[in-house]
Amino acid sequence: MVVAATLPYLLHLIAHCIFSIIKHAYVPGVVTSIIEIPITILYLLALIKLTHIAIWQWFVVIIAVFVAFAANLQFIHIIMSRIEDTMYCRK
């Protein structure tokens, strides 16, 4: 479960770097991402070596966690836009 939760986090870190490259500007979190990406990869490799799980089980758990993370991200963006609308008195 930890590996499955760490994979979306790693992709999230990579996304910060990609967005920074696309925008040709600073994106919040890009410096932290650059620092954490190698550490996270090493952590994942160590965790994978410690586990003895069938590949199909990896896929099931990883897909479930990706869906949960995507739903959470969508929820956070909805809440953020509502808070922003309230702060700036938008309708």
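The following paragraphs describe how three helices, H1, H2 and H3, are arranged in a predicted model.

The account begins with helix H1, which covers residues 2–23. Its 22 residues should span 32 Å at 1.5 Å a residue, and the C-alpha atoms at its ends are 32 Å apart, so expectation and model agree. The buried residues of H1 are Val3, Ala4, Thr6, Pro8, Leu10, Leu13, His16, Cys17 and Ser20. The cover over these buried residues includes H2 and H3.

Helix H2 comprises residues 30–50. The axes of H1 and H2 are 9 Å apart, and the helices pack at an angle of about 150°. Since angles over 145 degrees count as roughly antiparallel, H1 and H2 are roughly antiparallel to each other. Their crossing is left-handed. On the H1 side, the contact is made by Val2, Val3, Thr6, Leu7, Tyr9, Leu10, Leu13, Ile14, His16, Cys17 and Ser20. On the H2 side, the contributors are Val30, Ser33, Ile34, Glu36, Ile37, Thr40, Ile41, Tyr43, Leu44, Leu47 and Ile48. By class, the residues of this contact divide into 16 nonpolar, five polar and one charged.

Thr6 lies in helix H1 and has a relative accessible area of 10%; because buried means under 20%, Thr6 is buried. With neighbours within four places in sequence left aside, Thr6 is in contact with Thr40, Tyr43 and Leu44.

At 42% relative accessibility, Ile48 counts as partly exposed. Leaving aside neighbours within four places in sequence, Ile48 is in contact with Val3 and Trp58. A separation of 27 residues in sequence lies between Ile48 and Phe75, whose C-alpha atoms are 30 Å apart in space.

The loop between H1 and H2 contains His24, the residue that follows H1. The phi of His24 is positive, near 55°, in a residue other than glycine. Most residues other than glycine have a negative phi. His24 has a relative accessible area of 74% and is therefore exposed.

Attention now turns to helix H3, which covers residues 55–87. At 1.5 Å a residue, the 33 residues of H3 should span 48 Å; the end C-alpha atoms are 47 Å apart, which agrees. Cys89 follows H3 and has a positive phi, near 55°.

The axes of H1 and H3 come within 8 Å and cross at roughly 50°. That angle makes H1 oblique to H3. The crossing of H1 and H3 is right-handed. From H1, the contact draws on Val3, Ala4, Ala5, Leu7, Pro8, Tyr9 and Leu11; from H3, it draws on Trp58, Val61, Ile62, Val65, Phe66 and Phe69. The residues of this contact divide into 13 nonpolar, no polar and no charged.

In summary, H1 is roughly antiparallel to H2 and oblique to H3. The crossing with H2 is left-handed, whereas the crossing with H3 is right-handed.

Technical notes: Residues are numbered from 1 along each chain as its sequence is written. This is a predicted model: local features need pLDDT of at least 70, side-chain atom pairs count only at pLDDT 80 or more; totals for chains, interfaces and linings use all residues. Side-chain values use heavy atoms; hydrogens and water are left out. Axes are lines fitted to C-alpha atoms, for helices over the stretch in contact, and angles run from 0 to 180 degrees between N-to-C directions. Helices (H or I, at least four residues) and strands (E, at least two) are DSSP runs, numbered from the N terminus. Angles under 35 degrees count as roughly parallel, over 145 as roughly antiparallel, 65 to 115 as roughly perpendicular and the rest as oblique. A crossing is left-handed if the near helix is turned anticlockwise from the far one by less than a right angle, and right-handed if clockwise. Contact means heavy atoms within 4.5 Å. Ala, Val, Leu, Ile, Met, Phe, Trp, Tyr, Cys and Pro count as nonpolar, Asp, Glu, Lys and Arg as charged, and the others, Gly among them, as polar. Buried means under 20% relative accessible area, exposed over 50%, partly exposed in between (1.4 Å probe, protein chains only). The expected span of a helix is 1.5 Å times one less than its number of residues.
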